[in-house]
Amino acid sequence: MNKIYFFLLAFLLSIQAEASNYPEVLFENSLMPKSYYYSQSSFQGNSWINHMNGHLPVADSVFFTPGNSLMLNYISGNSGEWQSAIHYSDDYGHLPKNNDLLIFKIFVSSATAKAELPSIQLAQGENISEEIKVEAFVKNYQDNAWLSIEIPLKDIGNLDNQAPISSIIFKQGANRDGKEHRLFIDQIEFLPNKTPDMKLTGKAVLSSVEAHERHVDIVWQLPLTPSIRYIKIYRSEDNRNFSPVAVRPISFNKYTDFVPRTNVSYYYKIAWVDYRYRESPFSDVKTAETKLANDDDLLNSIEKSHIAYFTNETEFNSGMHKISPLVSEASVSVKGTGIGILAQVIGVERKFIPRQLLLDRLKKIVRFLGKATTYHGAFPELLDGRSGKPIMTDSCEIAANIESTAYLMQGLLVARNYFDKEESDESELREAITSLWKNVDWKKFVKDESGYHLYNAWSPACSYTRSSPIGGYNSSLIAYLLAIASPSHAISQESYNFGFKQPLKYIGPAIGRLSTSLNDTLIVGDSGQKPELYSREPFMIDSTYYGVRLMAGSVQNSLIEQQQPFLAFNPKNLVDSSINYFDNQRDLSNVYYRAALDRSEQFVSITNLLWPYVGRDSASVNRFNPSAAIATYPYTPTIALEALKNYYRNLGNLLWTEYGFRDEFNFKDNWVSGKFDPVHQGIVPIMLENARTGLIWNLFMKDPDIKSLVDKMK
């Protein structure tokens, strides 16, 4: 099955609860919700198109499948033009095949003749196809009814079969009547011209429903029937009148329904859906009784959903964390896998997942890593989960990433200490982890014997050509700590003070450039490379922001970037007499909180305080990251818990998903992120659990090599 799901930007404030969950037309098992398409619209002259900040609005009352559709409201003037490009939801696009059909549904709600419908084009990056009139592919045209438009790709000229389709463009057609037209578009997809057509006679099987305060997890058991295309979920509050709330692709066995109210009984049933949108007999009905949660139960619910991101998004062959939800895509993330291990250990301890399940997964991971491509024992960030080879576009990208490797090793060391039984499978796991850990030659990522800085990458083809020195108050701390702690290839302890605490900022090639600062430093490249000039940036700042004294860190940088070093390394451990990392993290959290207070009047009519802002630059000034606020729980529990409750209880219909909170959102531009990041999804359960029980901190800090590191640093 080869399906596509384009995406538009939703008008957030008009969407109901159903709109924020993952519905229907998806490319394989993409997680992009229909309500969060991304579109770009424009018009000129006496033509016009309705838009919200340049994006098409979403209608939540008219749709082909729940819970919304795209509204296209336009005037085609005789001396103007309009168009709207609806972009493919996935970075990879859709690679066209000759037997593919472009299919979408339209609902015409205005007095519009068939000849007054728009035209379309397909975009492949800079390449634009020939224009196609929609009217030529309409059968049995009528108003106020959903019509299916099926366009064979072979009928669209100027398509490159070697380039992925990135957008579909709706645009003004030849008819320039000057009238206003309104139609709705839904279910944009690519399908083969022949699909399974077996009738669905068996009733659907609803396995369980689990109620939380404001969301219900619905799980089903899918048979191996090729004509099943989707699962359609129905909800009722009286067990008589059921309404559809979502559809899910067959690659998922679960849906999370964010419900309107708590302390209410909800009834659910499901149906299988085939390629012609015919439904199977309904499943049996199951009941979920939501109730107001106490703080402990609420934290459990939040942790469980975020951990599900890692338990579900696992590449089959390797057990590693996959970067794409596409079934056919096997690329895996080394750093994401390391963070996922931490989250899943919490899942086992909280009994969200079986211990044996994670043990088996870890055994698969270490077997894969033992055969995967490494350079000096370090791994590239992206690997093919089937072959273990690097994912690259040129020879210089075949490189080991030392920071990604560090986060992987951090996760493996925690697993080495968690699975501590004397049973053979656990002892074998510990031995395999120890072998991987000892095999990393951290020294090879310092340019020369007299150097102190770790470099983020090393390539056998290009050496350090595309590499940069790492350091500063950011995620690189764990790489330095593990490099110093290594039992086999440790770098100098002085690298902490003269490398990590003296971060370098690239200025440019040294030739022909006059250095005017004592903080400038010259770095000579490999043989044949030109020397480069860097400036040494301050680590300790000892400044006051919003009445809070801050010793290190930067309010100009992402808060979540400055939280990452302390996922497993307990900041209460004193490794530096000049700074108490725990206190500094608390102060940094308060600075971001007070910065948001200073500008909170922007959204007082919509929600409680939103924080932290993603950045200080104009491009991100109105973007917020829920995970970063929640991850301050160990340092500022009161304001972190307030943020969590606000994002869940007040904004959950927009921000809550099967995998917890979305990455980012922007009320000003009516935007939410449709993708997930392993750092953002993982940092929530990890830091909540560290505050509650200290689980990950304790497991990491009790490792013998980490104990030796702390003693050495003292």
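**Exercise 1. Which handedness does the crossing of α2 and α13 have?**

Solution. This is a predicted model, in which local features need pLDDT of at least 70, side-chain atom pairs count only at pLDDT 80 or more, and totals for chains, interfaces and linings use all residues. Residues are numbered from 1 along each chain as its sequence is written, and side-chain values use heavy atoms, with hydrogens and water left out.

Step 1: locate the helices. Helices (H or I, at least four residues) and strands (E, at least two) are DSSP runs, numbered from the N terminus. Helix α13 covers residues 678-692, and α2 covers 334-349.

Step 2: take the axes, which are lines fitted to C-alpha atoms, for helices over the stretch in contact, with angles from 0 to 180 degrees between N-to-C directions. The axes of α2 and α13 come within 9 Å and cross at roughly 30 degrees.

Step 3: assign the hand. A crossing is left-handed if the near helix is turned anticlockwise from the far one by less than a right angle, and right-handed if clockwise. For α2 and α13 the crossing is left-handed.

Step 4: list the residues in contact (heavy atoms within 4.5 Å). On α2 they are K335, G336, I339, L342, A343 and I346, and on α13 they are P678, V679, G682, P685, I686 and E689.

**Exercise 2. Check the span of helix α3 and find what its buried residues pack against.**

Solution. Step 1: the expected span is 1.5 Å times one less than the number of residues. Helix α3 (residues 355-371) has 17 residues and should therefore span 24 Å; its end C-alpha atoms are 25 Å apart, which agrees.

Step 1: apply the burial cut-offs: buried is under 20% relative accessible area, exposed is over 50%, and partly exposed is in between (1.4 Å probe, protein chains only). In α3 the buried residues are L358, L359, R361, L362, I365, V366, F368 and L369.

Step 2: find their partners. These residues pack against α1 (295-312), α2 (334-349), β23 (382-384), α4 (402-418) and α5 (424-439).

**Exercise 3. Which polar contacts does the side chain of T657 make with backbone atoms of Y659 and G660?**

Solution. T657 lies in strand β32 (residues 656-657) and counts as buried at 0% relative accessibility.

Step 1: look for polar contacts, meaning N or O pairs within 3.5 Å; within protein, one atom must be able to donate a hydrogen and the other to accept it, and residues adjacent in sequence count only if both atoms are side-chain atoms. A polar atom of the T657 side chain lies 3.0 Å from the backbone nitrogen of Y659 and 2.7 Å from the backbone oxygen of G660.

Step 2: look along the chain. The C-alpha atoms of T657 and S305 are separated by 8.1 Å, although these residues are 352 residues apart along the chain.
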